[in-house]
Amino acid sequence: MDDLKRMALFAEIARAGSLSAAARHLRISTSAVSQQLRILEESFGVILVRRSNRKLSLTDAGARFATHCREMVEVAERAREQLSLARDTPAGELRISLPLGLARYVAPALEPLLARHASLKLRLEADDGLVDLIDERIDLALRAGRMEDSSWVAQPLCHVHLGLCAAPGYLKKAGRPRTLEDLPEHEWLAVVADGRSLVFDLQGPSGTSRTVRVTPRVSSNNQLTLHQMCAAGLGITRCILADVEDELRQGRLEVLLPEWRLSPVQLWAVTPRRSGQPAKVRHAIDAIRTYLRQQPGVSA
């Protein structure tokens with residue numbers, strides 16, 4: 001037993017007024033309490049209690065020491081309560097890292113959670129690049145696509161569905177592709193490295209799988225930028241259908257070759273560890289998952 005535990009034991013001795021009463025409360029033997037009290041006195045070189053056959057009383061030094069020991073126990077109990085609160089109630093700052101394109105969904109997804117818990121704060125780090133969760137003190141990261149092997153823990157959120165999209169103005173100028181063979185002849189906008197080709201698979205109505213390779217004329221590291229350029233009539237791009245729902249409904253974009261389906265993209269909630277997740281993280285994951293799965297073009 002270390003000194004801090006003996007100090008907690010001494011606080012109980014002072015509260016109970018006897019070694020036997022303290023022993024009963026702590027569910028250990030009276031002799032064990034007496035032994036630990038003796039070790040405590042010997043380690044500090046101070047007599048803390050006066051013993052007699054009938055009663056126990058504190059020395060002046062013991063009384064002062066008991067006050068500090070009680071304060072230590074109270075601080076420890078408050079610390080334990082705060083940990084329990086963090087485990088059971090969303091509170092504190094929640095730091096989320098996410099791609100720019102997902103930021104528009106996180107705010108409405110978490111609004112009810114923030115409304116219910118006034119002590120919960122939110123910080124969004126919107127960046128299409130990857131960050132180190134530990135170095136940046138990130139509680140939760142949202143990621144898309146295939147997860148590389150790592151020490152992080154990834155939980156599936158949903159699948160987002162894609163479509164080949166173009167603006168009516170572009171189609172009027174360049175013509176509408178009627179077959180997959182027409183696609184490489186068109187202007188393409190894509191998230192690829194400089195000079196790289198864009199390669200993607202499509203599933204046909206009969207289950208046939210085809211691979212298409214095109215060379216983008218315009219490339220970017222940001223999908224939202226490509227959506228905007230596509231709506232401006234600069235070419236064809238792969239769009240997350242949930243992101244362009246308004247444009248599709250208003251006729252500013254059209255889905256091409258709808259009988260051919262692009263593979264959906266998996267979204268993930270990534271955390272530094274699996275066990276001991278604070279309530280703010282658990283509740284945020286549940287809220288984001290529920291909200292995303294209610295969006296058009298999204299499935300479990």
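A residue counts as buried when its relative accessible area is under 20%. In this predicted model, F10 has a relative accessible area of 0% and is therefore buried. F65, with a relative accessible area of 17%, also falls under the 20% limit and so is buried.

These two residues form an aromatic pair. A pair of aromatic rings is described by the distance of the centres and the angle of the planes. For F10 and F65 the centres lie 5.5 Å apart and the planes meet at 35°, so the pair is classed as tilted. The pair connects distant parts of the chain, since F10 belongs to helix 1 (residues 3-16) and F65 to helix 4 (residues 60-88), 55 residues apart. Together with F44, F10 and F65 make up one aromatic cluster.

A further tilted pair is formed by W188 and F200, with 5.7 Å from centre to centre and 45° between the planes. This pair also links distant parts of the chain: W188 lies in the loop between helix 6 (168-174) and strand 8 (189-190), whereas F200 lies in strand 9 (residues 198-203), twelve residues apart. Both residues are buried, W188 at 0% relative accessibility and F200 at 4%. In total, the model contains three aromatic pairs.

Six strands form an open sheet with mixed pairing, in the order 4-3-5-15-6-16. Strand 4 (120-126) and strand 16 (298-299) each have a single partner strand, so one side of each is left without a neighbour in the sheet. Strand 3 (residues 92-98) runs parallel to strand 4 and is joined to strand 4 by seven bridges; within this pairing, S97 stands opposite E125 of strand 4. Helix 9 (residues 279-292) packs on the sheet and touches strand 3, strand 4, strand 5 (140-144), strand 6 (153-160), strand 15 (265-271) and strand 16. The direction of helix 9 makes about 15° with that of strand 6.

In soluble globular proteins, nonpolar side chains tend to be buried together. The largest nonpolar core of the model has 24 residues, and those with the most contacts inside the core are I96, L110, L140, L142, L157 and I288. At least two residues of this core come from each of strand 3, helix 5 (103-116), strand 5, strand 6, strand 15 and helix 9. Beyond its neighbours within four places in sequence, L142 is in contact with residues including I96, L98, V106, L157, W268 and I288. Another core, of 20 residues, lies apart from the largest one and includes L171, L202, L256 and W260.

Notes: Residues numbered from 1 in each chain as written. Predicted model: local features only at pLDDT ≥ 70, side-chain atom pairs only at ≥ 80, totals over all residues. Heavy atoms only, no water. Pairing = 2+ DSSP bridges. Helix = DSSP H or I, 4+ residues; strand = E, 2+ residues; numbered from the N terminus. Contact = heavy atoms within 4.5 Å. Axes fitted to C-alpha atoms, helices over the stretch in contact; angles between N-to-C directions. Phe/Tyr/Trp six-rings, centres within 6.5 Å; stacked < 30°, edge-to-face > 60°. Buried < 20%, exposed > 50% of the residue type's maximum accessible area, 1.4 Å probe, protein only. Core = buried A, V, L, I, M, F, W, Y, C linked by side-chain atoms within 4.5 Å.
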